[in-house]
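Please look over the structure below before reading on.

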Amino acid sequence: VRAAEQDPDDHSAVAQLEPMLKKLKVEYLLREVPLAIQQTLDGIGRVSEVVRALKEFAVPQSDSRKHVDLNTCIENAVIVARSQWKEVAQVELKLDPELPPVPCLAAEINQVLLHLIINAVQAIEDAVSAGNPSPGVIVISTSDDITHVEIRVSDTGLGIDEAVREKVFDLFFSTKEVGRGSGQGLSFSHNVVTKQHGGKLFFESEKGQGSTFIVRLPK
């Protein structure tokens with residue numbers, strides 16, 4: 001069109017083209033199509049990320065321990081659980097880049113991580129229902145000590161009532177309504193960490209200030 005406008009002989013062609021271009025909304029298309037393509041590419045990237053995380057997360061169960069990168073396990077668990085936390089929480093990762101590989105049963109530890117993240121999400125959901133601002137925050141960190149590595153999963157929920165703290169890891173115990181909590185996740189996680197790996201799983205909590213679940217695994 002611009003070239004035709006500079007040529008007097010093509011003015012009639014311009015006159016015919018301009019109504020057609022306006023009808024087709026070419027400027028709108030030129031603006032929106034690249035954006036749509038970028039959004040599509042972003043979506044494809046997200047799907048690829050989820051598929052990769054699922055493949056790494058769903059490792060076959062094994063009776064033998066292998067040295068595992070726990071930071072990668074955490075990143076994959078966060079991706080897999082995204083549909084659970086994306087509407088109610090922000091997830092912050094503070095992972096020690098020097099964390100050494102740890103001998104463990106990868107499939108079981110992956111399940112522990114997933115249970116702890118979902119537990120944190122549900123704690124924040126309860127806090128939001130009680131009037132706390134949304135979104136909440138889940139912070140997952142790793143650190144290295146002389147004899148063990150540590151994973152901490154913190155939430156900005158309502159904290160755990162002192163009256164029930166001794167029962168948190170009991171099988172089938174749950175403070176949630178029927179259908180929302182089975183009372184098996186934390187019990188399973190405690191069993192995996194303490195009995196199968198010789199580690200520790202415990203928590204710190206302050207009423208109204210949230211909770212932090214701490215996993216310690218021997219190196």
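**Notes on the predicted model**

1. Burial comes to 35% of the 219 residues of the protein chain. Buried means under 20% relative accessible area, exposed over 50%, and partly exposed in between, with a 1.4 Å probe and protein chains only.

2. Some ground rules. This is a predicted model: local features need pLDDT of at least 70, side-chain atom pairs count only at pLDDT 80 or more, and totals for chains, interfaces and linings use all residues. Residues are numbered from 1 along each chain as its sequence is written, and side-chain values use heavy atoms, with hydrogens and water left out.

3. The protein chain has seven helices and seven strands. These are DSSP runs numbered from the N terminus: helices are H or I with at least four residues, strands E with at least two. Their order along the sequence is α-α-α-β-α-α-β-β-α-β-β-α-β-β.

4. Take contacts with a separation of 6 or more in the protein chain: 69% of them join residues 24 or more positions apart. A contact means heavy atoms within 4.5 Å.

5. How many disulfides does the whole structure hold? The search finds zero. C73 is in no disulfide, and its nearest cysteine sulfur, in C104, is 6.3 Å away. That is too far for a bond, because a disulfide needs two cysteine sulfur atoms within 2.5 Å.

6. Are these two cysteines buried or exposed? C73 is buried, at 8% relative accessibility. C104 is buried too, at 1%.
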